[in-house]
Every structure is written in C-alpha cells, then in structure tokens.
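Hello,

Here is the structure we talked about, for your files. My notes on it follow below.

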There are 2 protein chains.
Amino acid sequence: MAHYISDVNITRVLRAVWLNQGLSRVDISRLLDLNKSTVSKIVGYLEELRIVEQAAVGDAGPSGGRRPIQLQVRADWGCVMGVEIQTETFTVVGINLHGDVFFSHTEPLDLRHADLVDSFIEIVRRFRPSLEATGMPLIGIGVGLPGFVDPVRGVLRASMPLEQYDEVAFVERARDALGVEIPILVDNDANCGCWGELAFKHSTRPQNFVFVLGELRKHTIEMDDYRIMALGLGLVLDGDVHHGTEYSAGEFRSILYRVGTVNQFSISDAEARRFLRDKDVDAMIIDELARHIAFLVNVLNLGKVVIGGPMEILADELIAAIREHIQQNWAYPNMVDCQISVSRLGEQAVAYGAAGMFLEHLIRVPSVRTDRDPTAPCGVELLPRHGTELPV
Amino acid sequence: MAHYISDVNITRVLRAVWLNQGLSRVDISRLLDLNKSTVSKIVGYLEELRIVEQAAVGDAGPSGGRRPIQLQVRADWGCVMGVEIQTETFTVVGINLHGDVFFSHTEPLDLRHADLVDSFIEIVRRFRPSLEATGMPLIGIGVGLPGFVDPVRGVLRASMPLEQYDEVAFVERARDALGVEIPILVDNDANCGCWGELAFKHSTRPQNFVFVLGELRKHTIEMDDYRIMALGLGLVLDGDVHHGTEYSAGEFRSILYRVGTVNQFSISDAEARRFLRDKDVDAMIIDELARHIAFLVNVLNLGKVVIGGPMEILADELIAAIREHIQQNWAYPNMVDCQISVSRLGEQAVAYGAAGMFLEHLIRVPSVRTDRDPTAPCGVELLPRHGTELPV
DNA sequence: TCCTATTGGTTGCATAATACAACCAACCAT
DNA sequence: ATGGTTGGTTGTATTATGCAACCAATAGGA
C-alpha cells in the first residue's frame, strides 16, 4: 500500500502552516477545502521531510472532542542568508525558517575598486561558514541591490548609484562561481523592504502598502565629496511586490522636479546637501515627499505606509505630514484608514527582507500558467517534481 | 468507457483558446504543459458544450506533418449586456463572445427623480429582448458605476456624483428583482475602461497600464447649474485590475489641490467651469494632469496609458504633455517605453468594458485559495462543479 | 463512574484527472 | 511509393483526492 501526493497541494498545506503556525489538520482541511484524509497524508509527507512538526496539543472545544494537534514549520530545517549591498557598505544576516535573525554583520565596502558580483561572491564565501556553524544547512540566498533588478532572470538592469547602465548577469555569474546547489534570488533594495514586511507578518499580512526607503548616499560611487538623500519606493499591491513592465517600478522623482538637478525633489542640489542639517530643507523635503506618498496612498488605496532607512530620524514629522496630506487629498467625508509606521528592523530591513524574499518564494504555490511564459524567479525548488512513494 | 475532466484545466484550455484564437490542440498542450491526450479530451468536452469549435485547418510545417486543426470560441454561444450609468445618461451595449458590439443605445437619465437600482432593473427589463432577439442566450450583465464599488460583494460603497455615502446593495437588489439566472457583476466606471482593454486585446494584452477617464458632469446630481471635469483612473497592475484595500483605488486628487474647492486640481472652481472653453484653463489642467500621470507611469512602470471620455478632444496636447513629463521625470539616460493612446471605443468604452469584465470572469481560472477568504466576485459559474461522464 | 455526543485524526477503498505509449492521419521531400 | 515528421486519438497505467467507516480523546451529564 502506498499513498501518493501532488505538488500544488503540498505547497498549499506547507504555506498554510507557515502563514499560520499552530494550525491543526482539520483547520487546514477547512481552510483549503481539502478532505481531511488528504491533509493527513500531505502532513505525513511533510513530517517525513522534517520541515513540519507537531508542536503542541490544543484545547478541545466547549462541546468536547479530541484535542487538535498543532503543527508548525521547523525553524531549524534550514537557514537563509540575506545580503544588502550599497555603495559604501554591505550587510549580511542569517535567519531561520521562523525569521529569527541569528547572525548579522555590517561592514564598509568600496565599490570603486571592486566589482559588484565579485564582492558578493566573496561575501558569501566568507560568511557561509558562520551561518552553517549552527548545524542548519544553507538553503538559499536573497540579495537586495540599489537600482532596478529583473528578479526573474536574476539580472541587475541598471543602477544610478552603482553607475551601471548595462545589464549585469548577477545570478548567473554568482552561480557559476558558487555552484548550483544554493539558489540565489535578487531584487531591488526597497522591494526587499517589502518582502521583509510580507514574509513574517503571517496573520496580519498586509495586502497593499508602500515601503519608503531613504538612503543617504553619494550621488554616484565615483563622487566622494558629498551625500544626498536618495529615495526609493517598494510597492506591494494585491499581496504581491509590484515590479512593472520593465522592472523599474519604485523609481521616484517629484512631480515638481527641476531639470538639471541630481536630487529627486524641487529643491536645488545645494539645498539637498543640507538635508538633516538644515531645518528648512528638511521641512521642504518632508512636505513634498508626504504629498507624493499621500497621493499614492489614495490613488492605489494602500492600507499601510512603512518608513525605512535614515528617514527614520524625521519619522515623527514625516508621519504627521503624510497623515495630514492623505486626508486633505481625500474627497469623501470619511477618515482614510491607513497605518503609517517605521520599520522596526532599522539598518537590517533590506538584508532581512532579502532573506524573507527567498523564503516567500520557497513556500509559494506554483503559479498555474494561463498564458505565455511562467514568471517564477530562477530555480527555487523545494520538492521533487513528481510524487514519491511512501510506506505506510 | 468514460473520460473525466477537471475544473481548473477546462478553464485553462478554454481561456487559452479565448486569448489566442486559432490555437491547435498541440499548441495548447505545449502552452499549458499538459499532455496532448488530456487536451484532446478537454477540447472534446468543450465542443460538446458547444462553446468551442473547429474553425479552420492550418498549414503544415516546412518538414511535413499533419495540418493542425485551429480552434476558436464560438461567438454565438451567448451574449453579454454591458451597462454604464452616469448622473445624466445611461448606455447599454450587447456583445457576443468575440467582443463584437451588435447592439448599443444611449439615453438621458435623471437620477434626481429615480432610484439607481430601480433604474438599472428597468433598463435590463427593457433591453433584454433586444439582445435575445439575436437567438443568443443572455449569459450575464456587467455594470459600470461612478463611485467606488466592491465588485466581490456587488456593492456600491460610496459615490460623490450620485451622492451616495451609504452602501447600496446593488447586485443583491437587482438579483432579487431580476431572478438569479443571470449573474451580474459591477465595478467602477474607470475600472470598466480597463476591463475593456483587457478583455479583447488577446495577443497583445497589456499587463500594466492606466485608463484615464474624464467625464464632464455636474458636481452632484442635485446641482444643475454647471458642469466640471471629473477625473477617475483605472489601473491594471500585473495583468489585473487593481482595487485596493477598500476598493477606492483610482480616486484622483492633485498633489497641489487647494482646500475648499470641488474640482480635483489646483485651480479655482470658477476656472474649472471654463474647461474646454478657455485655452488657459485647458493648458493648466493638461499640464497638471500630465505630471501626475507621468509620475504614475514611472513609479508603477506602466507600459501604456489609455485616454477615454471627453478628454479625447484635447488628446493631442495631453499625449504630448504626458510624453514630455514622463521623460523629464525619468532619471536614467534611456527613453521610457510607454505607449499613449486614445480609447477607440469612445462613448461606449465603459459599457463595453463592463461587458468585457463579465467575460473575463467567466473565462478565468479559479484562484487557488492560499489563505483566508476567496476573492472571486459573486457567482459566475460556467461549469458544473464536478466532472461529467462522457460517451466515447 | 460510566455513558453519550462531539471533534480530531487515520485507514481502506472508490473515483477521477492526467500521463504514457502506441497508434492512425495527413503532410513534405526525395 | 517511401520514409521522416507533425497533429490527433485511444486504451491503459498512474496517482491525487474524496468518501465512509473507523479509532482516539475530550466535555458534560446522569
């Protein structure tokens, strides 16, 4: 006697447990509209893979009955490395399947004298042992880069701060150097901020929000005289990170932008350099930014705004300004329902989110192809393509 | 001997044929990654339902081989009614499954003296015979309304022009009056514009675009002294119409909006009234609108802008302004790739799109539930829930 | 304390969707 | 004609899932 199991529903069950730790088999069968015997078999398979375990026994209902067995994803099934590379620093984090950060490291990096991909390969080689010292196998790597990234092909298409205007075959080159056994996913840095909010918010997973990432950096890696605020947006729409037709979604420039400047607002570059050192400049930027964010909140009907990066210093003023403009920009009498908050992850938001992005793709139901090309990012595969025969 | 067939793949096959008329069975099997025998059986079932037919025989390849049988959806399998209701007029269209308009009618409507839902019921009763006179059964109705609409529950949540600030149970009331046999779907008018672009663009189906709907109307139905331009946006992101958390996505108000006015821009209401009669006002509105559209194009990385409604009169200037601002608002050296065009459907764009929305839902693969509540709009069902036994 | 109703979970079997392989049909080129 | 090639069909094997009957464990009452 043997039981057989399908791909899609395995992933659905795994994802259900991941999103909602403590679910019982019957809970899952009700949630996913599957027969409880089917769920039993799938859970048995996932237990055999050692990715799901029986965590606790819940309480029986008021009218009696057997107590449910609460399931959870095993935190130590594997670990994921998250990397953020900026123009002058990089950050590495290691997380387990529950999203707990057990390792983190930030260090200066000078991309004027080193190649982007080579630096990344070096970082992975250097920190992989630290992660695997926990005994958990490294199951994948997520990377956040400034610039716009095609996560499907794993390519950096262009980057202003990194001065890359031709495609860089990031994943391909890294995989050649590091071997194929570890899948690598790449995305834009602000989008990684979004992934971080998505991956471990489980029950309260927001469906529509914007991640506002402000970095204080040199205009390009070659210029080392002054730093200005560089702003990138990451958008989650209908539960998914939005990339756009050419993967450049999130690139921000004010509606009032003045031709000839390098900053993204309607101020002069001389003013932009005084950001964080001149109250008047701060106020102008905050007002202009808040208006644009408010516009997006209303036009896209976002339920949430998350602020990350050094903007956090001005968070109180910014939050107040956004809140005011959202309401002013709204034509109906009701109050707009939109939470505005600061990312609690601080410096690590992007690297952490990059790792979260990997998990999110690992535990994702394969998209049922309806038309042309499938859009699954390059090669994350949890399970063998066809069912396995199980002993009773 | 009997063959059995699944729900999901029936819809996938039907959708493939619908999106790509002239596909052969092998084409489908390659496209959807199904075995050709499976496709044969499913196509047989769809032929039996008389929704798919063998249309023509294609040419054999250069290296010989049997000639492929090209399939297509039968245009006359049924017809769909599309309705647009505005503050002062309504429009009805009838289309077949290929999207050909075989009936259309526009007429004044005074919602000051008639209830919205009652008027709709009346419209359906009055025009249903005209559609069914073709011999095709009426399989569904799509409705476009100004205001924001929850298409899942079929409810008008609020509408400025209709002066509705409480929920109207549109579908529920209409269904009670008209009977359950005809499913009804509702959405916002600008969103219906999007559905029209989606439903029948088949091969060149755009994945990310904005539909700019400008209506010249009274500020509210009660005020009959003057008309101003009312602008609504419809957004398609990653191939799907975007509604947002509370279904209010697309509500537009300028970043420079002045508190106290009823128009959506930074001009005074006195100026707004001179729209289309004063070149200076036109120029101000065009510039301000173009900047906002350009901002959205870049931030969301849209591949297309479609202009509908009476704005069409100023289309040339508007298109030029949008094009200019898109490029000005873009930081990288390359040209932004974004088509800007005017909806060819003119007056009928919304009603036609409403009908298209219905078809799009009819021929849509059921979403595999991964978490909580399913988001399929109320009751469109093409097929019996379980497989049917077929004779050989 | 024992019975009953109730809920969670498992097992053997039935059902049904899909793949596989072998076939036929129709076309090209030589 | 003949063989190579592609499209489509048919019988059979595989396997995911549902169903119904079962066991396990609980609450509440008699």
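In chain A, the cover over the buried residues of α2(A) includes α1 (7-19), α3 (36-48), β1 (52-57) and β2 (69-73). Please keep in mind that this is a predicted model.

The helix α2 of chain A runs over residues 25-32, and its buried residues are R25(A), I28(A), S29(A), L31(A) and L32(A). These residues lie on the same side of α2(A), because the arc they cover around the axis is only 165°. Just after α2(A) comes D33(A), which has a positive phi of about 60°.

**Chain A as a whole**

How many helices and strands does chain A have? The secondary structure comes to 10 helices and 14 strands. Chain A has 392 residues, and 56% of them count as buried, with under 20% relative accessible area as the cut-off. Its accessible surface is about 16,100 Å², and carbon and sulfur atoms account for 49% of that. If one takes the contacts in chain A between residues at least 6 apart in sequence, 65% of them join residues at least 24 apart.

**The two copies**

Chain B is superposed on chain A by a rotation of 180° with 0.0 Å of shift along the axis, at an RMSD of 0.1 Å. This is therefore the relation of a two-fold axis. Both copies use the same surface: of the contact residues of chain B, 100% recur in chain A.

Regards

Methods. Residues numbered from 1 in each chain as written. Chains lettered and ligands numbered in written order. Predicted model: local features only at pLDDT ≥ 70, side-chain atom pairs only at ≥ 80, totals over all residues. Heavy atoms only, no water. Least-squares fit on C-alpha atoms with pLDDT ≥ 70 in both. Contact = heavy atoms within 4.5 Å. Buried < 20%, exposed > 50% of the residue type's maximum accessible area, 1.4 Å probe, protein only. Helix = DSSP H or I, 4+ residues; strand = E, 2+ residues; numbered from the N terminus. Arc of directions from axis to C-beta. Areas by Shrake-Rupley, 256 points an atom, 1.4 Å probe, with all protein chains shown as cover.
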